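Please examine the sequence and structure shown below.

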Amino acid sequence: MPHPIVCLDARFRQYLEHRQTLFSRPQFQHFVTVLLALIVGSQGFTLLHFKRAVAGSKSLASLSRFLAQAPWDQTPLHALAWSRFVAQMQPWVHQDLSRQRTLQPVG
């Protein structure tokens with residue numbers, strides 16, 4: 001059964017919002033389609049399965065062009081993911097370092 005994009009989980013929607021600026025509007029719609037199909041699709045991992053898993057997705061040809069020919073770069077996606085990971089982990093790392101320092105013997 002196709003899942004409509006408007007029914008996205010709030011956390012997934014927040015995840016996508018941070019990446020929206022890295023794509024054009026049509027590219028972003030394809031990006032959402034691919035990610036959502038990977039998450040909810042249970043039939044397979046072909047483009048046809050992706051298209052069938054997400055209601056309202058664009059044509060199969062445009063989805064194929066997005067993955068094969070679209071002028072987007074994965075480097076900014078990786079950089080954004082890494083910077084968000086560091087920002088989220090930094091308080092935990094500092095807290096653990098502080099805890100380890102208090103456990104070290106003085107001397």
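## Nonpolar core

In this predicted model, the largest nonpolar core comprises 16 residues. Within this core, Leu16, Phe23, Phe28 and Phe31 have the most contacts. Four helices, α1, α2, α3 (47-53) and α4 (60-68), each contribute at least two of the core residues. Helix α2 provides the largest share, with seven residues.

Phe28 also has contacts that can be listed individually. When neighbours within four places in sequence are left aside, Phe28 is in contact with Leu16, Arg19, Gln20 and Phe23. Two of these partners, Leu16 and Phe23, are themselves listed among the core residues with the most contacts.

## Packing of α1 and α2

Two packed helices are described by the angle between their axes and the distance between the axes. For helix α1 (residues 10-17) and helix α2 (residues 25-40), the angle is about 140 degrees and the axes are 12 Å apart. The two helices cross in a right-handed sense.

On the α1 side, the contact is formed by Phe12, Tyr15 and Leu16. On the α2 side, Phe28, Phe31, Val32, Leu35, Leu36 and Ile39 take part. Classified by residue type, this contact consists of nine nonpolar residues, with no polar and no charged residues.

## Arg84 in helix α5

Arg84 is located in helix α5 (residues 74-103).

Beyond its neighbours within four places in sequence, Arg84 is in contact with His18 and Arg19. Arg84 and His18 are separated by 66 residues in sequence, while their C-alpha atoms are 9.4 Å apart in space. Arg19 is also one of the residues in contact with Phe28.

## Overall fold and surface

The secondary structure of the chain consists of five helices and two strands. Along the sequence these elements follow the pattern β-α-α-α-β-α-α.

The chain has 107 residues, of which 22% count as buried. Of the contacts between residues at least 6 apart in sequence, 55% join residues at least 24 apart.

Technical notes: Residues are numbered from 1 along each chain as its sequence is written. This is a predicted model: local features need pLDDT of at least 70, side-chain atom pairs count only at pLDDT 80 or more; totals for chains, interfaces and linings use all residues. Side-chain values use heavy atoms; hydrogens and water are left out. Axes are lines fitted to C-alpha atoms, for helices over the stretch in contact, and angles run from 0 to 180 degrees between N-to-C directions. A crossing is left-handed if the near helix is turned anticlockwise from the far one by less than a right angle, and right-handed if clockwise. Contact means heavy atoms within 4.5 Å. Ala, Val, Leu, Ile, Met, Phe, Trp, Tyr, Cys and Pro count as nonpolar, Asp, Glu, Lys and Arg as charged, and the others, Gly among them, as polar. A nonpolar core is a set of buried Ala, Val, Leu, Ile, Met, Phe, Trp, Tyr and Cys residues joined through side-chain atoms within 4.5 Å. Buried means under 20% relative accessible area, exposed over 50%, partly exposed in between (1.4 Å probe, protein chains only).
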